[in-house]
Amino acid sequence: MDERRLREVALTPDEYRAIVEQLKRAPNEVELGMLGVLWSEHCSYKSSKALLRRLPTTGPGVVQGPGENAGAVEVGEGWSVVFKVESHNHPSAIEPYQGAATGVGGIIRDVIAMGARPIALLDSLRFGPLPASSHHFEGVVAGIGGYGNCIGIPTVGGEVYFEECYANNPLVNAMCVGLVRTEELMRARAEGTGNSILLVGADTGRDGIHGASFASLELDESSSERRPAVQVGNPFLEKCLLEACMDLAHTDAVVAIQDLGAAGLTSAVAECAGRVEGAGARIDVSLVPRRERGMTPYDVMLSESQERMLVVVRRGREREVETIFHAWDLTSAVIGEVTDDGQLTVVDGRDHVARVPVKLLTDGAPMRRLMGFPPEPPYGLQVDALPPLVDAGATLLRMLASPNLASRRGIFRRYDHMVGDSTVITPGGDAAMLRVKGTRLGIAVTTDCNARYVHLDPHLGAQLAVAEAARNIVATGARPLAVTDCLNFANPDRPEVYWELEEAIAGLAYACRALDVPIVSGNVSLYNDSNGESAIYPTPVVGMVGVIDDYQRRLGAALRAEGDFVLLIGSSHNDLGGSEYLKVEHGHVAGRPPALDLTREKAVNRLILSAAQSGYLHSAHDCADGGMLIALAECCLLGGIGVRCPAIRPEPPLRLDAAFFGESPSRYIVSVPSRAMPEMQSLARRHNVELSMLGLAGGGFVEFEGQLKVSLAELRAAWEVMVT
Amino acid sequence: MKFGVVVFPGTWSDRDCGWVVDQVLGQELVYLWHKDTDLKGCDCVILPGGFAYGDYLRTGAIARFAPVMEQVGEFADRGGLVWGICNGFQVLCEAGLLPGALIRNSSLQFRCEWTNLLVERTDLPFTSRCEEREVLRMPIAHGEGSYFADPATLSRLEQRGQVVLRYCDADGRVTPASNPNGSLHNIAGIVNARGNVLGMMPHPERCSEAELGGTDGLKLFRSVAEGALKVLVS
């Protein structure tokens with residue numbers, strides 16, 4: 001076999017030999033292309049599958065774990081939330097607007113395929129520093145808005161970080177959350193021999209051919225020539241597709257719905273059939289509606305044209321389903337049927353095109369055995385050698401204006417975050433919250449990952465990402481339920497990268513088990529480096545969903561009333577390793593990330609939830625990047641109320657800079673009306689959690705007597721530096 | 001009172017408007033499909049927000065050709081209440097039921113944020129429950145909401161008091177800083193000369209319950225629900 005041809009379909013000579021062995025013959029061109037995309041890292045998880053088995057995926061509320069279009073957990077009153085996060089990193093590096101837009105479009109279809117109505121979008125983004133990376137940043141933000149705003153699903157959350165390591169490899173992870181009556185949850189299983197396979201939505205064009213393979217290679221100077229591998233989005237069409245699929249819920253003619261994403265028709269049909277033992281499918285490419293002339297069967301089977309869905313319909317009821325799509329002016333066509341021979345057979349009218357066992361496509365890729373080897377331990381940090389804090393106020397202002405801490409209002413006001421009339425906690429605080437109309441349930445959603453921590457210690461860093469996500473959920477008064485993860489890593493063929501992957505997955509598994517949050521869906525994105533250099537920080541993004549039984553009891557981060565007591569919950573240590581303070585004030589990314597005690601973490605979370613439930617709290621905010629003083633300033637800025645505090649006298653060995661800017665986990669800033677203080681104190685004692693009084697809400701300054709006094713106006717000017 | 005909410009392909013505020021009419025106000029609700037050729041006996045037709053037909057050519061440019069729009073035009077001519085919100089306002093301008101046009105925001109960016117609106121008319125069926133020169137807090141969500149009209153049209157609108165809502169600050173001062181999109185004269189909403197067709201960019205249906213951050217939008221819905229019949233009778 002020609003090496004060049006193999007490279008084109010991203011198969012290795014060994015993989016080719018495995019194919020020949022299994023088929024007992026050489027594959028033809030189309031079969032080779034189909035196997036190439038499905039055996040790509042993006043589709044087959046051949047480098048990560050063994051590790052992913054370590055993740056906890058089951059729990060009491062889980063109604064659908066990994067393996068479907070998205071995961072699902074019950075939230076009560078007969079409702080389930082369906083959610084998943086997915087990366088669109090490579091396309092966004094090449095074509096930021098369309099890459100991000102189609103990333104959003106793709107994840108929405110995953111949720112629709114489960115029969116759920118999408119209610120929220122979140123985006124976890126990483127870029128190189130501005131202004132150098134502004135073409136990535138501007139394009140991606142515009143693309144997310146362009147798609148989400150048009151389709152009418154609120155974009156309610158996410159995160160943005162700026163670090164050198166993402167300059168050539170920006171990360172764009174999109175998460176979608178949907179709602180469905182549990183008994184109406186759909187599964188994409190091609191059941192029932194003889195049932196019809198319908199292709200619905202956009203006509204098929206030549207766009208995006210080999211997108212999945214492209215996503216599984218490192219970026220290099222030829223990457224921009226791969227622009228045709230980036231698809232173009234049409235959110236209007238997807239809106240019609242969405243509504244039509246919602247209308248399908250009223251009929252029992254539909255057996256399964258499957259999104260066409262990476263690897264297009266090939267993957268959609270194979271996955272759908274692969275979920276049913278012994279099932280196969282017969283597809284006639286001549287029946288596929290096309291956008292352009294002269295397309296070969298190869299093009300049709302591998303096209304990644306967007307806004308298409310596969311629908312399996314009970315035999316004889318095709319007309320019923322087609323009527324629903326026609327009402328939305330959508331094209332639908334019967335392109336094949338479900339078989340019981342376990343083969344994916346492709347014909348072009350009367351001509352035979354391809355015939356491959358479904359299992360060979362979905363599970364045949366030889367798993368890659370990679371070696372992990374820890375790199376040189378990252379540069380240590382001598383905390384004692386750091387110069388003492390000189391001017392806390394000036395440092396606070398510099399930190400608030402740093403790109404990783406500055407207000408995101410300039411970004412989220414470009415996204416419609418209110419459509420749907422359900423956003424009861426809007427972006428800008430901890431988690432966002434959506435109400436379930438007709439009930440008192442609130443769904444809290446967040447994404448988190450401080451990749452600097454993961455870089456410095458992958459196992460601990462991944463745990464910290466899970467813990468922070470859970471804290472963001474808890475800060476709204478909601479209970480964490482389940483996780484979706486997006487594992488963004490560099491080239492795993494390099495032992496130190498594979499080691500990071502191993503460690504991070506182990507850390508995720510450990511923390512998810514400890515905090516009782518199973519991982520129900522996710523995605524792996526490898527090869528995030530270019531030219532074998534400038535690898536990204538290992539970035540396991542954690543998307544988390546939680547629930548509150550009565551959203552009228554939800555909490556925001558903002559201070560609400562003058563005269564409230566402002567408290568720090570949890571204990572502080574000299575946790576300056578990997579901190580924003582260390583980066584902004586001392587120019588280092590070094591040290592060990594903050595130690596995490598998951599037992600303590602749970603105790604603190606239980607305290608906050610119990611206090612929220614009892615109505616003792618006026619607000620709660622997670623202490624995260626930037627530490628206590630940044631969190632406190634955010635509470636003040638969000639509420640437009642200052643705070644007056646006596647001077648902080650940290651008990652040795654705690655340093656003053658660490659008390660203000662250290663990033664010890666398991667901490668919250670809460671505000672409590674004075675009448676609830678006794679109850680709050682006894683509750684803290686009962687949960688054995690440290691509670692320290694910071695000061696009183698009120699006035700127009702953030703003040704620690706004799707240590708700093710800065711007006712809210714000055715703080716806001718610094719914080720909103722990116723709001724233009 | 002029967003509200004009809006028009007659904008074009010690409011409309012997304014239909015369900016939000018429907019929710020307020022039906023669940024918050026407890027009024028009668030019917031959805032009108034863009035292919036419908038009758039208005040099913042509605043007393044007020046709402047053209048909601050969204051991207052009708054994708055808004056690919058120009059906002060509202062295709063929607064005005066929808067079969068339902070012919071009925072809406074006749075309904076307006078007969079004095080029926082027509083209320084365009086966001087994309088609905090854009091459609092009404094394209095359809096010639098209101099003067100002027102909505103062009104790209106001066107920031108060249110989509111804006112989703114809270115604004116303050118000065119109510120300049122309270123004698124209309126849409127605003128009868130508002131106080132004279134009341135300031136309403138209401139969110140916007142649009143990329144093309146900058147109101148534009150030629151000088152003659154603009155001065156006619158002002159002379160006849162057709163400007164109903166104007167972007168202002170929290171104290172009711174109409175300032176450049178309180179204008180979120182570059183609209184001429186800070187215009188957020190206008191009415192036709194007869195007073196039965198209102199177009200506005202802000203979203204009253206997004207602020208009709210306290211849990212969504214405010215209830216000022218409900219004042220407009222209540223005005224229509226309670227006051228509309230009087231106008232129809234006269």
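Me: What makes B:Lys40 count as exposed?
Reply: This is a predicted model, and in it B:Lys40 has 12 other C-beta atoms within 10 Å. A residue is exposed if that count is 12 or fewer, so B:Lys40 is exposed. You will find B:Lys40 in the loop between strand S2 (28-33) and strand S3 (44-47) of chain B. Its phi, near 55 degrees, is positive, and B:Lys40 is a residue other than glycine.

Me: Why is B:His185 called partly exposed?
Reply: B:His185 has 16 C-beta neighbours inside 10 Å. Buried needs 20 or more and exposed needs 12 or fewer, so B:His185 falls in between and counts as partly exposed. B:His185 also has a positive phi, about 55 degrees, although it is not a glycine. Look for B:His185 in the loop between strand S9 (163-168) and strand S10 (187-191) of chain B.

Me: And on chain A, is A:Gly278 buried or exposed?
Reply: A:Gly278 has 12 other C-beta atoms within 10 Å, so this residue is exposed. Its place is the loop between helix H11 (264-274) and strand S9 (280-284) of chain A. Leaving aside neighbours within four places in sequence, A:Gly278 is in contact with A:Asp340 and A:Gly342.

Me: How do you know that H1(B) is largely enclosed by the rest of the structure?
Reply: In H1(B), 8 of the 11 residues are buried, so the helix is largely enclosed. Among the buried ones are B:Cys17, B:Trp19 and B:Val20. After H1(B) comes B:Gly26, with a positive phi near 70 degrees.

Me: What is in contact between chain B and chain A, and how many residues of each?
Reply: There are 21 residues of chain B in contact with 22 residues of chain A. On the chain B side, helix H1 (14-24), strand S6 (111-119) and strand S7 (135-142) each supply at least two residues. S6(B) has the largest share, 3 residues. By kind, the chain B side divides into 10 nonpolar, 5 polar and 6 charged residues.

Me: Which domains is chain A divided into?
Reply: Chain A has domain 1 (3-39 + 194-363), domain 2 (52-185 + 407-552) and domain 3 (383-398 + 555-722). In chain A, 30 residues of domain 1 are in contact with 32 residues of domain 2. H10(A) gives the most to the domain 1 side of this contact, with 7 residues. That side divides into 14 nonpolar, 8 polar and 8 charged residues. The C-alpha centres of domain 1 and domain 2 of chain A lie 26 Å apart.

Me: What makes strand S4 of chain A mostly covered?
Reply: Strand S4 (residues 117-127) of chain A has 10 of its 11 residues buried. For each of those, 20 or more other C-beta atoms lie within 10 Å.

Me: How do you know that S4(A) and strand S6 of chain A pair?
Reply: Two strands pair if at least two bridges are found between them. S4(A) and strand S6 (residues 171-181) of chain A have 9 bridges, in the antiparallel sense, so they pair. There, A:Asp123 stands opposite A:Ala174 in S6(A). S4(A) is also joined by 7 bridges to strand S5 (residues 155-162) of chain A, and these two run parallel. A:Phe127 stands opposite A:Phe162 in S5(A). The chain crosses from S4(A) through helix H8 (residues 134-151) of chain A to S5(A) in a right-handed β-α-β crossover.

Me: Why is the sheet's pairing called mixed?
Reply: The sheet is open, with 6 strands in the order S1-S2-S3-S6-S4-S5 (chain A). Its pairing is mixed: S4(A) runs antiparallel to S6(A), whereas S4(A) and S5(A) run parallel. Strand S1 (62-64) and S5 of chain A are the edge strands, each pairing on one side only.

Me: What joins A:Leu130 and A:Pro131?
Reply: A cis peptide bond joins them, with omega about 5 degrees. A:Pro131 is placed in the loop between S4 and H8 of chain A. Another cis bond runs from A:Pro652 to A:Pro653, with omega near 10 degrees. A:Pro653 lies in the loop between strand S22 (643-645) and helix H23 (656-661) of chain A.

Methods:
Residues numbered from 1 in each chain as written. Chains lettered and ligands numbered in written order. Predicted model: local features only at pLDDT ≥ 70, side-chain atom pairs only at ≥ 80, totals over all residues. Domains from an automatic or database assignment. Contact = placed C-beta atoms within 7 Å. Helix = DSSP H or I, 4+ residues; strand = E, 2+ residues; numbered from the N terminus. Nonpolar A, V, L, I, M, F, W, Y, C, P; charged D, E, K, R; others polar. Right-handed = clockwise from strand over helix to strand, strands pointing away.
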